[in-house]
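Hi everyone, thanks for coming. I'd like to walk you through a model I have been looking at, so please have a look at the screen.

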Number of protein chains: 2
Amino acid sequence: MEPVVDTQQRILDSARELIYSRSYADVGVAAICDHAGVKKGSFYHFFPSKRDLTLAVLDSHYLEIKDHLLKQAFANDIPPMARLARFGQLSYEFQKQVLNDTGRVIGCFFGNLASELSTQDEPIRLRIEQIFSNLQSGIRQVLREAIAIGEVQDIDVEATSQAMLAYFEGVMLLAKSQNNVEIMGQLFPAMAQIRISPR
Amino acid sequence: MEPVVDTQQRILDSARELIYSRSYADVGVAAICDHAGVKKGSFYHFFPSKRDLTLAVLDSHYLEIKDHLLKQAFANDIPPMARLARFGQLSYEFQKQVLNDTGRVIGCFFGNLASELSTQDEPIRLRIEQIFSNLQSGIRQVLREAIAIGEVQDIDVEATSQAMLAYFEGVMLLAKSQNNVEIMGQLFPAMAQIRISPR
DNA sequence: ACTTGACTTGACCGATCGGTCAAATATAAT
DNA sequence: ATTATATTTGACCGATCGGTCAAGTCAAGT
């Protein structure tokens, strides 16, 4: 009787779903195991601790974001700056979908965990810092291309890409705090207009 | 033997300090009582639940922000848009102070709780939503004055003030995720340059 | 002197926390 | 068929969770 789906993967998926929709501390190992249909002993066979599980969830979620959202949003079939708008649009549509399914705006998985755990768990903080750095790199690359074709000029690419990521995260947070996705639709278009001049 | 300081206030202060520097879920009622030098029974004499305590902490923290940070940042001794820069500067200095004291960038108290609890506790979510609305009103008022004296023209004041607040929150979150205050110094100046045009 | 009500104390509740472990079972290699 | 390894099971651990409660202390009002 081979497992219908991989046990380890089911734990990973359940943890992502539960922690994303609630919080790290509010979701216990027991709840994750119940949701995954797995006993606690099996959980600790695959993951040495809740923290390690969370690190694995962070990696897996980032890979999915990268392969699905980022690849699609930043594809070079449209001008660079338009890709930023598309990134916002796709994020908006994802949150709208979740809202329809669950009744809640859940925000950004990385932003949520960064906010909750950055002061408490250094390994997790470092992983999220790395992921944010990767996301920023995606934006930075778009800005470089935009400069190369003259869509944008004379900006501090490093600071501007960071500012755009910050703005994105802030909009996600406000949308979550209002349990309302529409402000994403209103505010995301301004993301591509942020500029920080070179020092 | 009258209490040196008010018990209720000591609970409030301890809760704010502990929850702000860690998280809502990570700080138990027992830890708050220990820090405040109060027994659990006394705690529940003053506050019916941990949630109600948290609502009271939100109110008290907002009042302090309003009376100290906002009053100072938004004082009309300088041009409107310069006040936004001052708001960023004062926030940066506060976080730098906390970092020096504790070794940690703790971000925005309201943003932290919004991120952790918005999907889990509706009364708390609503309180934070109201506080964000008040903060946005402060920015909105600055923008109105800026328009009145011609410092700014032709913008959607409602959306722009919301965008500036989002940007502020996002910068605070990134600073926390990097445990580094300097990005606040780099990114906050761009807050006053965000514009969303009228539809 | 007596009562009232605010406040404090410390013991206690069932539930859940993250994590452990020995034993059972399934799988694959030889 | 036997061995070795991977996986699963369910009982169990001490600690902590938010919250309750009866009893006691204390100051103020009458």
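Let's start at DNA strand D, where H3 of chain A, together with helix H2 (29-36) and H3 of chain B, each supply at least two residues of the nearby surface. For helices I use DSSP runs of H or I with at least four residues, while strands are E runs of at least two, both numbered from the N terminus. The most comes from H3(A), which gives four residues to the surface near DNA strand D. There are 18 residues around DNA strand D, and the ones that come nearest are A:Gly41, A:His45, B:Gly28, B:Gly41 and B:Lys50. A residue is near a strand or molecule here if its C-beta atom, placed from the backbone, lies within 6 Å of it. By class, the surface near DNA strand D has seven nonpolar, seven polar and four charged residues. Nonpolar covers Ala, Val, Leu, Ile, Met, Phe, Trp, Tyr, Cys and Pro; charged covers Asp, Glu, Lys and Arg; the others, Gly among them, are polar.

A word on what you are looking at: this is a predicted model, where local features need pLDDT of at least 70 and side-chain atom pairs count only at pLDDT 80 or more, although totals for chains, interfaces and linings use all residues. Residues are numbered from 1 along each chain as its sequence is written, and chains are lettered from A and ligands numbered from 1 in the order in which they are written.

Which residues are the closest to DNA strand C? They are A:Gly28, A:Gly41, A:Lys50, B:Gly41 and B:His45, out of 19 residues that surround DNA strand C. H2 and H3 of chain A, together with helix H3 (40-46) of chain B, are the elements that give two or more residues to this surface. H3(B) has the largest share of the surface near DNA strand C, with four residues. Its residues divide into seven nonpolar, seven polar and five charged.

Let me stay with H2 of chain A for a moment. Helix H2 (residues 29-36) of chain A has A:Ile32, A:Cys33 and A:Ala36 buried. Buried means 20 or more other C-beta atoms within 10 Å of the residue's own, exposed means 12 or fewer, and partly exposed is in between, with C-beta atoms placed from the backbone. These three are on the same side of H2(A), because they cover an arc of only 100° around the axis; the arc is that of the directions from the helix axis to the C-beta atoms. Helix H1 (7-21) and helix H3 (40-46) of chain A are among what covers the buried residues of H2(A). After H2(A) comes A:Gly37, with a positive phi near 65°.

Stepping back to the whole of chain A, we find nine helices and zero strands. The C-alpha trace of chain A spans about 60 × 35 × 30 Å along its principal axes. Of the 199 residues in chain A, 44% are buried.

How do the two protein chains meet? The contact takes 42 residues from chain B and 42 residues from chain A, where two residues are in contact if their C-beta atoms, placed from the backbone, lie within 7 Å. On the side of chain B that touches chain A, helix H6 (109-117), H7, helix H8 (157-178) and helix H9 (182-187) of chain B give two or more residues. H8(B) gives the most to that side, with 15 residues. The classes on that side are 19 nonpolar, 15 polar and eight charged residues.

As for symmetry, chain B superposes on chain A by a rotation of 180° with 0.0 Å of shift along its axis (RMSD 0.0 Å). The copies are superposed by least squares on the C-alpha atoms of residues with pLDDT of at least 70 in both. That is the relation of a two-fold axis. The same surface serves both copies, as 100% of the contact residues of chain B recur in chain A.

Last stop: two residues in H7 of chain B. B:Pro123 is found in helix H7 (residues 122-148) and counts as exposed because it has 12 C-beta neighbours inside 10 Å. Leaving aside neighbours within four places in sequence, B:Pro123 is in contact with B:Arg51 and B:Leu55. B:Leu126 is also in helix H7 of chain B. Is B:Leu126 exposed or partly exposed? With 15 other C-beta atoms within 10 Å, B:Leu126 is partly exposed.
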